[in-house]
Amino acid sequence: MTTRAVEPWIFEPLVKFVKEAGARLVLLMTPAGQVLAQHGFSRAVDVMSAAALGAAIMASTDEIARQLRQPPFAGLNHQGERHGIFLAAVPTGRGRLVALVVYDLDASSLGLVQLFFDELAADLQAASPKDSVPKRVLAADFERELSDSLNTLFGR
Amino acid sequence: MTTAPAGFGRVLDLVTRVRGVRGAMLVAGDDGLVVAEQLMEGIKGPAVAALAASLASRLRRALEAAGVGAGQFWHLQAEQGALLVVTAASGVLVVAVAEPDVNVGLVRLELLRAAEAVG
């Protein structure tokens with residue numbers, strides 16, 4: 001399984017998380033859905049779909065939290081028969097990122113994912129460049145940015 | 001020491017009253033989350049729960065592969081302590097964290113009683 005990162009500081013924390021949590025698929029993206037790193041995906045189209053859906057779910061839960069007048073939810077877990085999906089935000093020096101983690105119930109568990117996710121968040125916070133301003137992607141540039149990210153993630 | 005909800009608190013008391021036990025937990029076997037805990041300061045409950053459940057799952061598969069049936073009790077002895085676990089019928093794990101020189105037989109007995117009470 002391959003791990004790729006658009007920004008190098010993400011790579012090591014992500015590799016460590018995947019190994020320790022036993023994650024099957026991982027996406028790290030901006031709240032807008034711009035992918036910064038991935039593990040386990042073999043097709044760009046799957047990354048695009050997962051990023052769009054993950055970002056949309058985060059936006060929805062953030063809005064629910066806002067309407068309930070409370071801070072954004074810490075994480076969201078959906079568990080199926082064989083797989084679980086864990087979605088949570090990570091504060092970094094490059095702004096808030098969103099992590100989408102898919103894990104096999106045979107190989108991992110929500111407890112393990114949560115445990116090592118906390119470490120991932122701390123590692124990303126420590127590794128992220130502190131002095132840079134988070135890059136804002138305009139709607140007009142989104143497709144080109146997405147295409148560039150996918151090219152990097154899939155080595156094109 | 002952290003406290004557990006009343007009903008579970010009595011179950012965990014069975015284990016923590018044994019001399020040398022530093023904490024006890026009920027852990028959801030499927031997802032490795034803490035159901036209830038009574039732990040001394042310094043023991044990382046969520047980490048112990050997640051890793052113990054992961055280990056229990058792998059041990060269960062190893063025992064099944066070996067054709068020896070379901071595991072009932074396991075005991076990991078370390079330099080500075082021990083981890084003792086019994087699986088209840090519902091799949092909940094009853095976990096004890098103990099001193100290295102704890103009376104293992106007594107802890108095992110109380111873990112089995114606690115597992116029976118949990119169901």
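1. In this predicted model, the side chains of B:Arg60 and B:Glu64 meet in a salt bridge, with 3.9 Å from N to O. Both residues belong to helix H2 of chain B, where they stand four residues apart, about one turn of the helix. B:Arg60 is partly exposed, and its relative accessible area is 44%.

2. The helix that carries this pair, H2 of chain B, covers residues 45-66, which makes 22 residues. From its first C-alpha to its last, H2(B) reaches 31 Å, close to the 32 Å expected at 1.5 Å a residue. Just after H2(B) comes B:Gly67, which takes a positive phi of about 70 degrees.

3. The buried residues of H2(B) include B:Gly45, B:Val48, B:Ala50, B:Ser54 and B:Ser57. Within chain B, the buried residues of this helix pack against strands S1 (21-27), S2 (34-39), S3 (73-78), S4 (81-87) and S5 (93-98). The buried residues of H2(B) also pack against a part of the other chain, namely helix H3 (110-127) of chain A.

4. B:Glu110 counts as buried at 5% relative accessibility, whereas B:Arg113 is partly exposed at 42%.

5. Helix H3 of chain B (residues 104-118) has 15 residues, and its reach of 21 Å from first C-alpha to last is close to the 21 Å expected at 1.5 Å a residue. Its buried residues are B:Val107, B:Glu110, B:Leu111, B:Ala114 and B:Ala115. Because they cover an arc of only 145 degrees around the axis, they are on the same side of H3(B).

6. The two ends of H3(B) also deserve attention. At the start, a side-chain oxygen of B:Asn103 comes to within 3.2 Å of the backbone nitrogen of B:Gly105. After the helix follows B:Gly119, with a positive phi near 85 degrees.

7. How much area do chain B and chain A bury between them? The figure is about 720 Å², with 61% of it on carbon and sulfur atoms. B:Asp31, B:Leu33 and B:Ala50 supply 45% of the area that chain B buries against chain A, more than any other three residues. The contact takes eleven residues from chain B and nine residues from chain A. Zero salt bridges are counted between the two chains, but four residue pairs are in polar contact across the interface.

8. Chain A has four helices and six strands, and along the sequence they follow the pattern β-α-β-β-α-β-β-β-α-α. Of its 156 residues, 45% count as buried. Among the contacts in chain A with a separation of 6 or more, 60% come from residues 24 or more positions apart.

9. Over all chains, the structure holds ten salt bridges. One of them links A:Arg94 to A:Glu7, with the closest N and O atoms 2.9 Å apart. A:Arg94 lies in the loop between strands S5 (83-92) and S6 (95-104) of chain A, and A:Glu7 in the loop between strand S1 (3-5) and helix H1 (11-21) of that chain, so the pair ties together parts that are 87 residues apart in sequence. A:Glu7 is buried, with a relative accessible area of 18%.

10. Chain A also contains a network of salt bridges, which links A:Lys16, A:Glu119 and A:Asp123.

How values were computed:
Residues numbered from 1 in each chain as written. Chains lettered and ligands numbered in written order. Predicted model: local features only at pLDDT ≥ 70, side-chain atom pairs only at ≥ 80, totals over all residues. Heavy atoms only, no water. Expected span 1.5 Å × (residues − 1). Buried < 20%, exposed > 50% of the residue type's maximum accessible area, 1.4 Å probe, protein only. Arc of directions from axis to C-beta. Polar contact = N/O pair within 3.5 Å; in protein donor to acceptor, adjacent residues only side chain to side chain. Contact = heavy atoms within 4.5 Å. Buried area = accessible area lost by both parts, 1.4 Å probe. Salt bridge = Lys/Arg side-chain N within 4 Å of Asp/Glu carboxyl O.
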